[in-house]
Amino acid sequence: MTASALPILMYHHVSPAPGLVTVTPKNFVAQMAWLAANDYHTASCADLEGFLQGRPLPQRTVMITFDDGYLDNYVHAFPILRQYGLHAVIFAVTDWIGDGAARPHPVAGESGAPLLLNHNACTERIREGRADEAIVRWSEVECMRAAGSFEFQSHTASHTRWDKISGNAAEKSTALGRDLERSRETLRQRLGMLGTHLCWPQGYFDADYLSVARDQGFTHLYTTTPGSLRPDGDANKLPRIVVKDKGAAWFSSRIHLYSSPFLARWYGRLKGI
Ligand SMILES: [Zn+2]
């Protein structure tokens, strides 16, 4: 049996610091343990590309994605994914990632673990130009890539909503184009990769955004539109599912729902989404 729909899961924080868009390490372990116990395959970006080109995926497949590249992804999500042999994608905001040695890993028994901030405090630090206190460093990115737990793709260079601050459509497109180009160039220089997958900040995109992203060489664009991806789905508008701070029972019911295109459609109608 092969997958008729691919659920793409969306996370931000895995952290004990309570706040918005945060799953506790306890619930994240429960969710990942459920995937591993039920023999789920966690799709890479290449797997997703293949799926849209007609290459089948195992019936039990999900894709795990994280937005923004928070430090807690390195501290908490990374060891849990590694423990269960699972793979995820981080959509990184390249201007926010700093240099310096990889920070101590409390799960590995190293002392001097970094303080983890909640979502609002992270946003505040980034605004103050102190992103290093909230976001992973390049050394940590390398470590997570080397372990095979994470691959990295673009979430733009600056996470700016150009549609809100540009005076007109031409200005907006030029600014977004520069932003995307810088993010792609940074990923190329730092990681030696040609990033072609892009996740929109705050899920916002319009017709101009789509055309700028395609011009910049991005072929797979991730949204926050709920749903699961079918083999005939649109690479310009990849749907994702918000994962809540809940345990395995909620998680498994959601995966089952979104693995079935029929049920997902029916549920979508029911919820009016
Ligand atoms: Zn974001």
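Okay, let's start with Asp 68, which counts as buried because its relative accessibility is 6%. Buried here means under 20% relative accessible area, exposed means over 50%, and partly exposed is in between, with a 1.4 Å probe and protein chains only. Before I go on: this is a predicted model, where local features need pLDDT of at least 70 and side-chain atom pairs count only at pLDDT 80 or more, while totals for chains, interfaces and linings use all residues. Residues are numbered from 1 along each chain as its sequence is written, and side-chain values use heavy atoms, with hydrogens and water left out.

Back to Asp 68. It lies in strand 5, and it has a positive phi of about 90 degrees although it is not a glycine. When I say strand or helix, I mean DSSP runs numbered from the N terminus: helices are H or I with at least four residues, strands are E with at least two.

Gln 202 is another non-glycine with a positive phi, about 55 degrees. You'll find Gln 202 in the loop between strand 8 and helix 8. Is Gln 202 buried or exposed? At 54% relative accessibility, Gln 202 counts as exposed.

Now helix 2, residues 45-52. Its buried residues are Cys 45, Leu 48, Gly 50 and Phe 51. What do they pack against? A set of strands: strand 1 (8-11), strand 5 (61-68), strand 6 (88-92), strand 7 (150-154), strand 8 (197-199) and strand 9 (220-222). Contact, by the way, means heavy atoms within 4.5 Å. Just after helix 2, Gly 54 takes a positive phi of about 95 degrees.

Next, Asp 163, in helix 6 (residues 162-165). At 22% relative accessibility, Asp 163 counts as partly exposed. Leaving aside neighbours within four places in sequence, Asp 163 touches Lys 172, Tyr 204 and Tyr 209. Its side chain makes a polar contact of 3.2 Å with that of Tyr 209, and one of 2.9 Å with that of Arg 161. A polar contact is a pair of N or O atoms within 3.5 Å; within protein, one must be able to donate a hydrogen and the other to accept it, and residues adjacent in sequence count only if both atoms are side-chain atoms.

Last stop, helix 1 (residues 25-37) and helix 9 (residues 248-259). Their axes come within 9 Å and cross at roughly 50 degrees. Axes are lines fitted to C-alpha atoms, for helices over the stretch in contact, with angles from 0 to 180 degrees between N-to-C directions. Helix 1 and helix 9 are therefore oblique to each other; under 35 degrees counts as roughly parallel, over 145 as roughly antiparallel, 65 to 115 as roughly perpendicular, and the rest as oblique. Which residues meet there? Ala 30, Gln 31, Met 32, Trp 34 and Leu 35 in helix 1 meet Ala 248, Phe 251, Ser 252, Ile 255 and His 256 in helix 9.
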